[in-house]
Amino acid sequence: MNELMKTILHRRTIRRYEEKQIDEEALQLILQAGLYAPSAGGRQGVIFAVSQNKEVNERLGRIKRANSNPKMATETNYVSREQPSIADDPNIKNAFYDAPTVITLFAPKNFLFAVEDCAVSAENMMLVADSLGIGSCYIGAGWTAFADPYGQEILEKWSIRKDYYAVMQLLLGYPRKEDTHPISKKRLEGRILRF
């Protein structure tokens with residue numbers, strides 16, 4: 001089987017990480033994958049803000065959790081039993097799940113395809129991360145992590161342009177050794193229509 005297809009079939013969302021920081025060489029490959037993602041009109045408008053500062057990541061993750069109002073899971077409607085999300089477990093207080101590396105993807109506020117450009121960059125990065133043995137988790141509504149004075153201070157410190165906003169975060173870290181790799185869910189039938 002094609003190696004890329006193997007990676008696509010293997011990749012799963014990981015929300016529980018080792019404390020160990022990811023290797024710099026791996027991070028550079030992951031970022032390169034994001035830089036080479038397709039972008040609408042070839043604009044390359046996505047900015048990647050990489051934070052490996054544990055204190056900053058934890059504080060922004062807590063702010064994001066406080067500003068997130070997910071529809072809480074039920075017995076039959078949930079995100080993940082193996083890797084619970086903040087919607088699955090109200091006791092999780094850090095929406096970044098203590099990931100050692102958090103990449104916030106920023107894009108122009110008034111660009112029609114800002115979200116799509118960030119999403120394809122994130123997908124490229126998640127696939128390369130998986131191929132390197134690094135877990136990842138895509139988190140939408142990135143701006144909620146900066147929705148208080150501390151968040152605004154961080155945006156200023158990072159010199160984020162005022163005409164840009166945080167679209168999403170990509171969490172990266174080595175999966176915890178004690179966790180098994182999440183099992184693939186059976187693909188639903190009837191999703192491909194051919195005419």
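1. In helix α2 (residues 24-35), the length and the residue count agree: at 1.5 Å a residue, the 12 residues should span 16 Å, and the end C-alpha atoms are 16 Å apart. The structure discussed here is a predicted model.

2. The buried residues of α2 are A26, L27, I30, L31, A33 and G34. Seen down the axis of α2, these buried residues fall within an arc of 155°, so they line one face of the helix. An α-helix has 3.6 residues a turn, so residues three or four places apart point the same way. On the other side of α2, E25 and L35 are exposed.

3. The cover over the buried residues of α2 includes both strands and a helix: β1 (47-51), β2 (101-108) and β4 (164-173), together with α4 (114-131).

4. Y150, G151, I154 and L155 are its buried residues. Viewed down the axis of α5, they fall within an arc of 145°, so they line one face of the helix. P149, E153 and E156 are exposed on the other side of α5.

5. Against which elements do the buried residues of α5 pack? Their partners are helix α3 (54-67) and strand β2. Strand β2 is also among the elements that cover the buried residues of α2.

6. A nonpolar patch lies on the surface, formed by M1, L4, M5, I8 and L9. Together these residues have about 500 Å² of accessible area. One of them, M5, is found in helix α1 (residues 3-10). With a relative accessible area of 38%, M5 is partly exposed, since that class lies between the cut-offs of 20% and 50%.

7. Q44, although not a glycine, has a positive phi of about 50°. Q44 is located in the loop between α2 and β1. Is Q44 buried or exposed? At 63% relative accessibility, Q44 counts as exposed, because the cut-off for that class is over 50%.

Note on methods
Residues numbered from 1 in each chain as written. Predicted model: local features only at pLDDT ≥ 70, side-chain atom pairs only at ≥ 80, totals over all residues. Heavy atoms only, no water. Helix = DSSP H or I, 4+ residues; strand = E, 2+ residues; numbered from the N terminus. Expected span 1.5 Å × (residues − 1). Buried < 20%, exposed > 50% of the residue type's maximum accessible area, 1.4 Å probe, protein only. Arc of directions from axis to C-beta. Contact = heavy atoms within 4.5 Å. Patch = residues over 30% accessible without salt bridge, like charges linked within 9 Å, V, L, I, M, F, W, Y side chains within 5 Å. Areas by Shrake-Rupley, 256 points an atom, 1.4 Å probe, with all protein chains shown as cover. Salt bridge = Lys/Arg side-chain N within 4 Å of Asp/Glu carboxyl O.
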